[in-house]
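Dear colleague,

Please read them alongside the sequence.

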Amino acid sequence: MPTPSLASLPIRRLTLRDLTACADLSEDRGWPREEHKWGFLLTAGKGYGIDDPGGGLVSACTVTEYGPPERPSLAAIGMVLVAERHARQGVGRRLMRHVVAALGTTPLALHATPYGRPLYEELGFKTTGRAEMVRGRFTPGGPEPRTTTRAATADDLAAILRLDEEVFGTDRTPIITRLPAFADQLRVAEENGRLIGYAAAWPNMDTHVVGPLIARDTETAKALISSLAARTDRPLRTDIDVRHEELLAWAKAHGLASIAPNAVMTYGITELPGDWNRRFAPLTVAAG
């Protein structure tokens with residue numbers, strides 16, 4: 001039997017049954033397997049992929065939609081991967097074109113590595129911001145944060161959802177309501193009984209990823225990171241919007257080193273909705 005050409009292989013929706021194949025694809029490209037994150041993205045959003053006739057996946061990506069289900073106001077694309085043996089043959093371009101077409105008029109966003117950025121620019125995405133990934137063992141020190149933080153409870157969920165929609169610019173209920181089960185820690189900051197920020201730390205291989213990180217100001221963001229760090233023995237990792245220069249400098253002074261830059265790119269909108277001043281880090285760059 002002749003081997004089908006890559007252009008003729010069908011693109012299909014992925015499900016949780018494809019979790020191992022997605023993790024294998026990550027590993028094939030030198031990424032961590034990240035099964036916990038893949039599972040979250042495949043249940044909270046959608047996956048698209050191309051099956052390899054020889055087994056496994058040729059390519060995959062995820063899409064997380066926000067806003068009304070019948071008319072999403074934003075969709076984040078992430079985890080765009082092509083198996084090494086099929087790289088540089090137009091597979092990623094074909095998958096991305098399919099996803100962009102499937103999403104119609106929905107505005108799109110993604111975080112691009114320097115390697116992936118040329119493809120997204122070719123497809124019409126524009127760079128509208130930057131984020132910096134930092135990682136390391138947090139070393140406490142300096143003045144104690146003045147902001148009060150505590151573990152979130154079920155009673156906080158409605159307030160977290162309201163704050164998140166206000167800051168993110170669209171409703172993310174399907175994602176945020178999964179946080180208590182997905183994350184090892186979910187903490188809130190409050191002042192006079194009013195919620196002024198929240199953050200989660202979720203497990204990813206040997207680290208805890210801090211995200212989302214939403215806070216009234218930099219001091220509140222510092223307090224949330226400090227409180228999460230005090231309750232884990234793992235290194236922390238997060239992706240901070242580079243416009244938050246003070247928080248980035250503070251994180252580096254407390255043991256987190258710069259790992260990689262990402263370009264924040266959009267399609268169909270000139271910038272991300274919401275209030276960037278209070279949006280310090282995404283849940284994950286794959287989901288915004």
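Is Thr-62 buried or exposed? Please keep in mind that this is a predicted model. Thr-62 has a relative accessible area of 0%, and because anything under 20% counts as buried, Thr-62 is buried. Thr-62 is found in strand β3, which covers residues 57-66, and, when residues up to four places away in sequence are not counted, Thr-62 touches Trp-38, Leu-41, Lys-46, Gly-47, Ala-76, Ile-77, Gly-78, Met-79 and Ala-286.

One of those partners, Trp-38, also takes part in the contact between two helices, α1 and α2. Helix α1 (residues 19-28) and helix α2 (residues 35-44) pack with their axes 10 Å apart and at an angle of about 130°, and they are therefore oblique to each other. The crossing in which α1 passes α2 is right-handed. On the α1 side the contact is made by Leu-19, Cys-22, Ala-23 and Ser-26, while α2 contributes Glu-35, Trp-38, Gly-39 and Leu-42; sorted by class, the contact of α1 with α2 has five nonpolar, two polar and one charged residues.

Helix α9 (residues 245-253) has as its buried residues Leu-247, Leu-248, Trp-250 and Ala-251. These residues cover an arc of only 165° around the axis, and so they lie on the same side of α9. As background, an α-helix has 3.6 residues a turn, so residues three or four places apart point the same way. Glu-245 and Ala-253, by contrast, are exposed on the other side of α9. The elements that cover the buried residues of α9 include β6 (126-136), β10 (207-215), α8 (218-229), β11 (236-241) and β13 (279-281). Just after α9, Gly-255 takes a positive phi of about 100°.

Leaving aside neighbours within four places in sequence, Pro-261 is in contact with Ala-112, Pro-114 and Ala-131. From Ala-152, Pro-261 is 109 residues apart in sequence and, C-alpha to C-alpha, 31 Å apart in space.

Technical notes. Residues numbered from 1 in each chain as written. Predicted model: local features only at pLDDT ≥ 70, side-chain atom pairs only at ≥ 80, totals over all residues. Heavy atoms only, no water. Contact = heavy atoms within 4.5 Å. Axes fitted to C-alpha atoms, helices over the stretch in contact; angles between N-to-C directions. Helix = DSSP H or I, 4+ residues; strand = E, 2+ residues; numbered from the N terminus. Parallel < 35°, antiparallel > 145°, perpendicular 65-115°, else oblique. Left-handed = near helix turned anticlockwise from the far one by under 90°. Nonpolar A, V, L, I, M, F, W, Y, C, P; charged D, E, K, R; others polar. Buried < 20%, exposed > 50% of the residue type's maximum accessible area, 1.4 Å probe, protein only. Arc of directions from axis to C-beta.
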